[in-house]
Amino acid sequence: IYPLLDEKRSRIVLTLRQRMNLCAAAGKASTWAKGPTSETHSAWQTALTLAEKLDDKEICLQAHYGLWLYCLRTGELNKSRQHAQSMYELARAINDAEAQATGLRILGVSLHFLGQHVAGRNDLLQSLAWYDRESASHSFRFGLDQETAGQAFLSRLLWVQGEYQAARQMAWRGIKKAARLQHACSLCCALAEGACMTAALDRKPR
């Protein structure tokens, strides 16, 4: 259970599970503190490799989410879609409805970025429908409130499809939810991806 001390080399020897958990913690911290750095990618990829070896489903879900976000931020959109799909399929296989809703949310975002707006909208709406019916066990299980994030990204997708009033309304739904939660990352997403984005798109050239 506890790390072993290698007396000959005076270093701590971690078990695979301890290393997996440390890499997942480092990946999550780096994701939100530093962004899409090589260290972020390395931490999540190692966590995923070890989680698959140890059959740890929760860390697999977390790692696919972390790698999805890394790839989205670095413009590797097809890889981001693949990680989102893998997360969704794993969540469905283990009957984790909350993670399925998150998987649909991030899959919808990737499809939106890939220009597949109709499919992306469908996934985002399915994800948000789950939050209308159920309550998340932990609002910040994957780093931020997923309902807020879904509303933010759906707002920009609605704007792209020409539904400007609906886009603004959806963006402000996200802002209100994030404000109630008093969670910095969720509020940042609601502003940057939702309200501020739709406001910027609404600006008319002078």
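Buried means under 20% relative accessible area, and partly exposed lies between that and 50%. The views below come from a predicted model.

**View 1. Arg141 and Asp96 pair in a salt bridge.** The N to O distance is 2.8 Å. The pair links distant parts of the chain, 45 residues apart. Arg141 sits in the loop between helix 6 (117-133) and helix 7 (146-160), and Asp96 in the loop between helix 4 and helix 5 (97-113). Arg141 has a relative accessible area of 14%, so the residue is buried. Asp96, at 17%, also counts as buried. Glu58 and Glu98 join Asp96 and Arg141 in a network of salt bridges.

**View 2. Arg17 forms a salt bridge with Asp56.** Their closest N and O atoms are 3.0 Å apart. Arg17 belongs to helix 1; Asp56 lies in the loop between helix 2 and helix 3, 39 residues apart. Arg17 is partly exposed at 38% relative accessibility, whereas Asp56 is buried at 16%.

**View 3. Arg168 forms a salt bridge with Asp202.** The closest N and O atoms are 2.7 Å apart. The pair links helix 8 (residues 164-181) to helix 9 (residues 184-202). Arg168 is partly exposed at 31%, and Asp202 is partly exposed at 27%. The structure holds 11 salt bridges.

**View 4. Helix 2 spans residues 38-54.** Its 17 residues should span 24 Å at 1.5 Å a residue, and the end C-alpha atoms are 24 Å apart, which agrees. Buried residues include Thr40, Trp44, Leu48 and Ala51. Their cover includes helix 1 (16-33), helix 3 (57-73) and helix 4 (77-93). Asp55 follows helix 2, with a positive phi near 55 degrees.

Note on methods:
Residues are numbered from 1 along each chain as its sequence is written. This is a predicted model: local features need pLDDT of at least 70, side-chain atom pairs count only at pLDDT 80 or more; totals for chains, interfaces and linings use all residues. Side-chain values use heavy atoms; hydrogens and water are left out. Helices (H or I, at least four residues) and strands (E, at least two) are DSSP runs, numbered from the N terminus. The expected span of a helix is 1.5 Å times one less than its number of residues. Buried means under 20% relative accessible area, exposed over 50%, partly exposed in between (1.4 Å probe, protein chains only). Contact means heavy atoms within 4.5 Å. A salt bridge is a side-chain nitrogen of Lys or Arg within 4 Å of a carboxyl oxygen of Asp or Glu.
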